[in-house]
Amino acid sequence: MTLQFHDAFWGVDFISNIGYEAIVQRLSDGRRTCKDMEDLLKMRASAEERYGKELVTISRKAGGVYEISTLRTSIDELKTQIENIGNLHLQLSALLKEEVKRMEQFRERQKDQRKKFEGIMEKVQKTKVSLYKKTIESKRSYEQRCREADEAEQATEKMSSAATATPKQTERLHNKSKQCREAAVEAEKQYMSNIEQLDKIRQEWESTHVSTCEVFQQQEEDRINILRNALWVHCNHFSMQCVTDDERYEDVRKTLEKCDVIADNNCFVEMKSTGSSPPAPIEFQNYYKREAGADSNGSAGFVGGVMKRFSNLLQGNSGSKTNITEPVAQPETSDGVYASIPGFPSEPVSRQSIEYKAVYDYVAQGEDELSLSTGDIVVVREQGVDGWWSVERNGSSGLVPGSYLTKE
């Protein structure tokens, strides 16, 4: 059952407008509620816009560029979906702003319609109150004239029955009584005329009040319906946003399912492998046997030079070369190969021309060595079993540690 405004907002007092004022107050409160909802949607739109922009910024600033293989793919997918989600939140912000504009337009339409009926109602109410006051005044005048006429007639009757009354006095009182009665009749006519006019304006006021109540009730129904639908759509938007966000993250989860720890490690090994076996151990060199060997073949001095190079490999390139022993290396043999270290094969050299890439920086420690920078491409001419390779780069040649190179 629908209760009607025009059945429930009347007043007991004739000139009271309390029912109409209650309805107007309700409309005013509803207008404030519409404004509050607009502010709510504006703030939410602003929050969504900031959040979306921050997500897009995060996706573009996020790192992960040093990762490889399947995990790199998962990280890139996450960044992509974060940016997509950010753009979706920006779209949601635009939708909320459009909803705010529609609510503002609705509120303005209601305001214009309400002002029109408020003006009509105010005019009728003002006329009713003015005529009511005029009618009340004419009523007082009518009652006063009636009392005066009654008093004049009573005085005339008393004078007529008095023995001392003269004809002249009696006539004067009679005329006065007649005049008072005529004035009372005239006041009665004026009073009745005002009553008739007031009844007409009352009927007009009631009709206007009913029509205004109907319009205002329709406005309230429209307002409540608009706000309810706006809230409903608002919730739907965020529900859809949550579902869409989850779908985007589901894409990331699907990519993560393909992330393979073994595959990533294998990829790293294949890309950055530095060798499949550790370096040869440093063997004990008997000083006296080395001296004896020097007497027999004259190559002991070169053993010290080879040991010097092994010492450099162990200590790296950052410090000065510290020799295991102090003997000075002898010149190379006629075939360009260093004398072998005792315990190593006597023919340890492979002669090939293969391109290799430097994986570390190396600073030459002697005139027969060649400095390298990470990424340099060199041609390997000889690979000595002592760990020192003869390479050529841009017309320059020299020895470098073989462990600093990888096959191109």
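Reader: What do the side chains of R32 and D29 meet in?

Author: They meet in a salt bridge, with 3.0 Å from N to O. A salt bridge is a side-chain nitrogen of Lys or Arg within 4 Å of a carboxyl oxygen of Asp or Glu. Please note that this is a predicted model, in which local features need pLDDT of at least 70 and side-chain atom pairs count only at pLDDT 80 or more, while totals for chains, interfaces and linings use all residues. Residues are numbered from 1 along each chain as its sequence is written, and side-chain values use heavy atoms, with hydrogens and water left out.

Reader: How are R32 and D29 placed in helix α1?

Author: An α-helix has 3.6 residues a turn, so residues three or four places apart point the same way. R32 and D29 are three residues apart in helix α1 (residues 18–61), and are therefore separated by about one helical turn. Helices are DSSP runs (H or I, at least four residues), numbered from the N terminus.

Reader: Is R32 buried, partly exposed or exposed?

Author: Buried means under 20% relative accessible area, exposed over 50%, and partly exposed in between, with a 1.4 Å probe and protein chains only. R32 has a relative accessible area of 48%, so R32 is partly exposed. D29 is also partly exposed, because its relative accessibility is 33%.

Reader: Which residue forms a salt bridge with E49?

Author: The partner of E49 is K53, and their closest N and O atoms are 3.4 Å apart. Both residues lie in helix α1, four residues apart, about one turn of the helix. E49 counts as partly exposed at 25% relative accessibility, and K53 is partly exposed at 47%.

Reader: How many salt bridges does the structure hold?

Author: The structure holds 22 salt bridges. Among them are those that link R26, E220 and R223 in a network.

Reader: At what angle do helix α2 and helix α3 pack?

Author: Two packed helices are described by the angle between their axes and the distance between the axes. Helix α2 (residues 69–161) and helix α3 (residues 167–257) pack at about 170°, with axes 5 Å apart. Axes are lines fitted to C-alpha atoms, for helices over the stretch in contact, and angles run from 0 to 180 degrees between N-to-C directions. Angles over 145 degrees count as roughly antiparallel, and α2 and α3 are therefore roughly antiparallel to each other.

How values were computed. Helix = DSSP H or I, 4+ residues; strand = E, 2+ residues; numbered from the N terminus. Parallel < 35°, antiparallel > 145°, perpendicular 65-115°, else oblique.
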